[in-house]
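This report describes how two chains meet in one model. Look at the sequence and structure below before reading on.

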Amino acid sequence: MNDHPTAGLDDVVHQKHRLAILTVAAEAKRVEFGYLQRTLDVTKGNLSRHITVLADAGLLKVEKGYDGKTPKTWVHITSTGRRALADEINTLRALVARHDQAGAES
Amino acid sequence: MTDDAAVTLLNEVARVRRRTRRDRHAYWPPMLLLGVLILAAPLVYGQTVPQPKLGVFTAVSTPIWRIPGTGLAYAPLQLFGPRFVLVADPTAVALYWLCVVVLGIAATMVWYRWRGSRVGLETPTRTFVLVGIAGLLYLLGILPLVATAVMFPLFGYFSALGIWLSAAIFVVTAVPSALALRGHERRPIWRDALGWAGMAIALLSASSLLFYASIEGFAPVLVIAVALLVLAMIERSALCGAIAVLFGIGALVANLYNMENVYFRLSGGYVEDPRLIAFAHLVLPAAVLIIGGAVAGVVARMAKP
C-alpha cells in the first residue's frame, strides 16, 4: 500500500514563511535579510526565528557582514535545503493530484 | 493537511518565486551595453589606402608568432580580427573585439554585484563569467593553434570537404565518448582512455567547425551569444532566453553569410568601405540586443509595483 502524500511533509519546511524563505533563497546566490522581510511582510524577530530554525536544520547558511558601515545579514540555501524544498513541493503537488484524481473518479 | 491548504501553499510558492525573479532580473543593461559596443565596432574598420582592385581575394592578418622549434605560425588574435575584409589596421580591430568581450564580461559581473547588494538579491554569475573566460581563452589559444597545426595543413584556409569531414567526425566521436564517460561509477581504464581520446578528437572537429562558422570574421559575437544563453539560464527568464536565441541567430548570420550580397541585391553596387561591410554584418545582432534590452528594460519598469 502506498503512503499518503502527507507522510512526505517535513515539519521544518512545511510552514508558510519558512517555505517562502527557502523559495526566495533557491532563486538567488544569496538573499539579504531586509529583502526577505519586505517580501514576506514579517517582523524582524519573526523572520530571525524562522531563519534560525532553517539554519539549525542545515537548510540555510547565514553570513553576517557589513555594506560600508551598515551591518547586513545574508542567507543562502544549502544543497540539503534545495532537496528539502523540491521534496516539499513534490509532496504538495502529489496531494493536489490525488485530490484531483479522487474528484474525477467520484 | 487539506487539499485546499496544499493548493494555497503551492500558489504562494509560485507567487513568491515570480516576485523574486522579477526583482532579481537585471540583464537588460548588459544587453544594451553589448549592443552599443557591437554597433560601434565598424568605426575601427578603417579603409586601406590605396584600395585593392575588385575581385582580388586577399586574407588579412593580425600579428603572427612563430612557435620555436615547430615551424608553426600562430596568430593568437586571428579569431578576433577581420578575415576577408581589408582594413587599415587588423590588429586594432582584433584588440577592439578583445576589449568588447573582456569589458562585456567584467561590466556584467560588476553590474550584477552592485545591483545584488542594492536590492538584496544576488544573482549567481559565476557560470556566466567562467563561460565568457573559457570562450575568450578558446578563441585566443586553442582555436588558432588547431587552425594552424591541423586545419591549414589538411584543408587549407577554406574547404567544403573540411566542413563535412569535421561535422562527420564530431558526430561519430562526441556521442559515443559522452556515453562512455557517462555516470559516476568506476570505469575500466581503457574505457576512460577511449572516452577522453574521443572527446579530444570531438573538440578538434568542433574547433574546425567553429573556425568555418566564423568565416566572415566575427567570432567574438558568437562567444557573446553563448555567454548570453548562459545568462538567460541563470536568470531563468523566457524574455532573456528569446533575446539570446535571436541574438545567436543574428551572430550566426553575421559570421556565415556575406552581407555584401544583400547590399548588392538592393543597390546593384559593391560596398568598398570596410566600415560599411562590418556595419552590414553587425547591424542585425546589435539591433537585437539594443531593441531587446530596451524592451526588457520597459517590461522591468512596468512590472514594478
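Two residues are in contact if their C-beta atoms, placed from the backbone, lie within 7 Å. This is a predicted model, in which local features need pLDDT of at least 70, side-chain atom pairs count only at pLDDT 80 or more, and totals for chains, interfaces and linings use all residues. Residues are numbered from 1 along each chain as its sequence is written, while chains are lettered from A and ligands numbered from 1 in the order in which they are written.

## The contact between the chains

Chain A brings 23 residues to the contact and chain B brings 21 residues. On the side of chain A that touches chain B, α1 (16-26), β1 (30-32), α2 (33-40) and α4 (79-105) each supply at least two residues. Helices (H or I, at least four residues) and strands (E, at least two) are DSSP runs, numbered from the N terminus. The most comes from α4(A), with six residues.

Sorted by class, this side of chain A holds 11 nonpolar, five polar and seven charged residues. Ala, Val, Leu, Ile, Met, Phe, Trp, Tyr, Cys and Pro count as nonpolar, Asp, Glu, Lys and Arg as charged, and the others, Gly among them, as polar.

Four strands form an open sheet in the order β2(A)-β3(A)-β1(A)-β3(B), with antiparallel pairing. The edges are β2 (60-67) of chain A and β3 of chain B; each has a single partner strand, so one side of each lacks a neighbour in the sheet.

Two strands pair if DSSP finds at least two bridges between them. Between β1(A) and β3 (residues 121-122) of chain B there are two bridges, in the antiparallel sense. A:V31 has B:L121 as its bridge partner, and A:R30 has B:E122.

Helix α2(A) lies across β1 and β3 (70-77) of chain A together with β3 of chain B, and runs at about 75° to β1(A). Axes are lines fitted to C-alpha atoms, for helices over the stretch in contact, and angles run from 0 to 180 degrees between N-to-C directions.

Helix α2 of chain A contains A:Y35. Is A:Y35 buried or exposed? With 21 other C-beta atoms within 10 Å, A:Y35 is buried (20 or more such atoms; exposed means 12 or fewer, partly exposed in between, with C-beta atoms placed from the backbone). Leaving aside residues up to four places away in sequence, A:Y35 touches B:V119, B:G120 and B:L121.

## Helix against helix

Helix α1(A) packs with helix α1 (residues 3-24) of chain B at an angle of about 35°, their axes being 9 Å apart. Residues in this contact include A:L19 and A:V24 from α1(A) and B:V13 and B:V16 from α1(B).
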